Amino acid sequence: MDFKLSAKQEMIRKVTREFAEEFIAPIAEESDQNSQLDPKVMEEMKKMGYFGTCVPKEYDGADLHDDTISFSIITEEIGRVDASWSITTGVHASVCLYPIYKYGTEEQRREFLPPLARGDHLGAFVITEANAGSDAGGVETNAYLDGDEWVLNGSKIFATNGGLCKTILCVAMTGQKGRRKELTVFIVDTDTPGYSVGVREDKLGVRASNTSELVFQDVRIPKENVLGGKGQGFSLGMKILEYGRIQMAAQCVGLGQAALEASIKYANERVQFGKPIGEFQGIQWKIADMGVEVHSSRLLTYQASWMCDQGMNYGLLSSMAKLKASEAAMTATHDAVQIHGAYGLMKAYAVERYFRDAKMAEIYEGTSEIQRMVIAQTLLRKGWQL
Amino acid sequence: MKIFVCIKQVPGIAEVRIDPKTNTLIREGIPSIMNPMDKNGVELALNIKAERSSEIIALSMGPPQAQEVLREALAMGADKAYLLTDRAFAGADTLATSHTLALAIQKIVQESSKDENYLVICGTQAIDGDTAQVGPELAEELDIPQITYVQKLEFLDDNTIRVERIFRTEEIVIIDTKLPALISVLKEINSPRYPSMLGVVDAYNKKDIIYLDAETLEADKSLLGLTGSQTEVWKIFVPERKGEHIQLSGSIDEMVHELCQNLKEDKIF
């Protein structure tokens, strides 16, 4: 067992941290308040290759498709300064770009991956609807085959990157399998007639990231734009989310880390009753717990990433990582606000934003309850095995 | 054209701590970085390569761990990297260092095609030693023209460069020279890029660092390292801050007035 990152992974962390601190951090607060991702930051991030992390160079990616630990480090470091950006790149790359690479045909890869990997196109993955959230089987958006085209109808809500994306992986119903719905994943180009963006949501946290309603009205998709085969939508969707959860966990590690660092700094600087508040046990215990919570989340996240790279089954670990890291980020940011006292409630202090961003993470990409369900079902069915 | 960029690994802080017993730098716990002006040198080489067909060769002399800064240069886009490392090189002053670097450059130049020209880029000075001597001495060793304190460079034709050199404050000298030549650059010349993620991956998976030792360079050992050094470090110390600290108060006008009085009394102006 070796916990040491490789020299390459260390450099990826160093470069990404410096980049994030120089380009993303200074305007994170402004982006949060305007609910806008800054286009100049976007351009810089494209140059860095943050939109194409997990696909090979031949599709204009950063060639980290077999190094999920590096991908997680990138998401963690971006999340450490602005979770709105880490969710944007994390979702784009982990649940749109990567599935097309992993499960797509060579033609699909050639057609869709390069512009996505360069960041010229943004990607999204949509399941959630008004009546289908945690219960993915409740999808009502449907598609039927008409000649050489699929015709898609329905609407999706809470779509991350929804208003900005050019390529969508859309889960729709294509028939009945006994009592269960048959689901299929479609690759949809948002320039197709019949597609439109509905309301953009105004949210508690990750406010700069775009969350929108998507409407499909007789959207005609070429027959070959089915990802992974007709009727494979449910199991494929679950596999896609297994991979995506690692990145959501990674971003929570970054968020928790940011809360921890801000708290350490403040506890050492803020003087009350004649000494820095870090000398009071009430603050010390919070700092200690934050350190334990954040780092144990990191270890779970890296182990899930590593298992993915080893070709092992990592579904259990990715759910554990997502559950642990999002709850750790919640408690860490909660304590960070408490340590900062009234200052922590102010917009001028970043912990206020971290706290709102962390709450989001306990809900999106599978709530904590759904993660517990997945973990429990796996354990009860298979017993403890990694 | 070959573009050699000389790079030094330095401690990543402005104020160094010295071990009082050995008079050497304490490196423990201090991250090492690429000397900032050398990074400007790499960036300049990349900008030249974007317009003119060239091969960028990063060069460093140091202990094996100095390979980290060469990897960074490779990640930024350098084509090749050479690390000059050997116990015989240890303890070198600027003269022995430039002699060793010159041997490596001569060797690489000799092995390339005869009509291929070259340019050597150095950072003006390193943030640890601050001597600004290695560039000029290296040019002398190679017997090529040198232009120091460069803040701008353009190519007039394939073998001629025009550079802007800061002579004294606000005095700029424009110089044309034929290649081969050596320039030492200032941080004002550009702002270095961050290596892209693919750049980092390629630096580790696709590119190698070539190690050169004294034997490969066919060096005369009396000119290397401590033996070949003409200077001897007698003592290194961090200057103590002795100045008094005065805090002024009152309205802005009062404070400015008092400050000017103090400066006059201290004959600062």
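Helix α5(A) bends by about 30 degrees at Ala93(A), the bend being the angle between axes fitted to the seven residues ending at a residue and the seven starting there. The model is predicted: local features need pLDDT of at least 70, side-chain atom pairs count only at pLDDT 80 or more, and totals for chains, interfaces and linings use all residues. Residues are numbered from 1 along each chain as its sequence is written, while chains are lettered from A and ligands numbered from 1 in the order in which they are written. Helices (H or I, at least four residues) and strands (E, at least two) are DSSP runs, numbered from the N terminus.

Helix α5(A) comprises 21 residues (83-103), which at 1.5 Å a residue should span 30 Å; the 28 Å between its end C-alpha atoms agrees with this. The expected span is 1.5 Å times one less than the number of residues. Of the 21 residues of α5(A), 19 are buried (20 or more other C-beta atoms within 10 Å of the residue's own, with C-beta atoms placed from the backbone).

Strand β10(B) (residues 160-168) runs antiparallel to β11(B), joined by eight bridges; strands pair if DSSP finds at least two bridges between them. Arg162(B) stands opposite Asp176(B) of β11(B). The two strands, β10(B) and β11(B), form a hairpin with two residues between them, and Glu170(B) in the turn has a positive phi of about 60 degrees.

Conventions. A residue is buried if 20 or more other C-beta atoms lie within 10 Å of its own, exposed if 12 or fewer, and partly exposed in between; C-beta atoms are placed from the backbone.
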